[in-house]
Amino acid sequence: YKVERHEYAQYPGFQQQHLVPFQVVVPSPGPAAPATDTSPAPTTLHMFLSEDQSWRVTLGPDSISLSTTTYEEFPQFLERLRSPLDALGRIYSPGEFVRVGLRYRDVIRREELGIADRAWSRLLRPQILGEMTEAELGSTTVRSWRWLHLLQGNIQLVLQHGLCTDPGKEEPYYVIDTDVFTEEHQDAKDALALLAGLNREAGAA
């Protein structure tokens, strides 16, 4: 990669992650075909971290992403993304993106919020809780998961949510995972404006 460290001044930390994909080959009936090596090539991800490691830019062979564990508001997120995108544009000059998206993952842990004794039905909408709206089910359920895929024009929204429990822990927590994106080819220079529109779509979900 041609990216220099000064290009990501907000992200002084650096890590690499090597991903080795694998294939499962199901033998077909009949004579065996000659052996050929069709294994996908390994992939290296370059990760640039903020000083406190709460923000991370991940640069891959065909992607760039920004993630954070301390999200507060979208304008701040967009501003943090601006410099990595500018650096990408100066160095590689991409003409278009084939996928642009935002993903929000909200985790609600009642113990950490000091409301361990509050029922889920008092914290979340009935449309989200479904069967857990019933008091008896809501107090005894330790695991549930729902998945919804919506399509509106060229915008797609995948909503996953449910109750999870960590191994060895008794207290469940609720996860709301919202992925809103478009897979239509977009001009690279319009990426930030498009993300702002996707943010509005995610807020309306």
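**Salt bridges and a sheet**

Let's start in helix α1, where E79 and R82 sit 3 residues apart, which means that about one helical turn separates them. Keep in mind as you look around that this is a predicted model. Now check the side chains of these two residues: they meet in a salt bridge, with 3.3 Å from N to O. Why can such a pair form? Side chains of opposite charge can pair when their charged atoms come close. How open are the two partners? E79 has a relative accessible area of 47%, so it counts as partly exposed. R82 comes in at 34%, and is partly exposed too.

Next, follow helix α1 along its length, from residue 74 to residue 92. This helix lies across two strands, β3 (55–60) and β4, and it runs at about 155 degrees to β4. Those strands belong to an open sheet of 4 strands, in the order β1-β2-β3-β4, with antiparallel pairing. At the edges you'll find β1 (13–19) and β4 (63–68), each of which pairs on one side only. From one strand to the next, the twist averages 20 degrees.

What holds strands like these side by side? Strands of a sheet pair through backbone hydrogen bonds, either parallel or antiparallel. Here, β1 and β2 (residues 43–49) go for the antiparallel sense, over 7 bridges. If you want one spot to look at, find Q15: its bridge partner in β2 is M47.

Back to salt bridges. How many does a search of the whole structure find? The count is 6. Another of them joins the side chains of D179 and R99, again with 3.3 Å from N to O. D179 lies in strand β9 (residues 173–182), while R99 is in the loop between β5 (96–97) and β6 (100–108), so this pair ties together parts that are 80 residues apart in sequence. D179 has a relative accessible area of 15%, so it is buried; the cut-off for that label is under 20%. R99, at 40%, counts as partly exposed.

One more pair is worth a look: R110 forms a salt bridge with E171, and their closest N and O atoms are 3.1 Å apart. This one also links distant parts of the chain, with R110 in helix α2 (residues 110–113) and E171 in the loop between β8 (155–164) and β9, 61 residues apart. Is R110 buried or exposed? Its relative accessibility is 10%, so R110 counts as buried.

Definitions and conventions: Residues are numbered from 1 along each chain as its sequence is written. This is a predicted model: local features need pLDDT of at least 70, side-chain atom pairs count only at pLDDT 80 or more; totals for chains, interfaces and linings use all residues. Side-chain values use heavy atoms; hydrogens and water are left out. Two strands pair if DSSP finds at least two bridges between them. Axes are lines fitted to C-alpha atoms, for helices over the stretch in contact, and angles run from 0 to 180 degrees between N-to-C directions. Contact means heavy atoms within 4.5 Å. A salt bridge is a side-chain nitrogen of Lys or Arg within 4 Å of a carboxyl oxygen of Asp or Glu. Buried means under 20% relative accessible area, exposed over 50%, partly exposed in between (1.4 Å probe, protein chains only).
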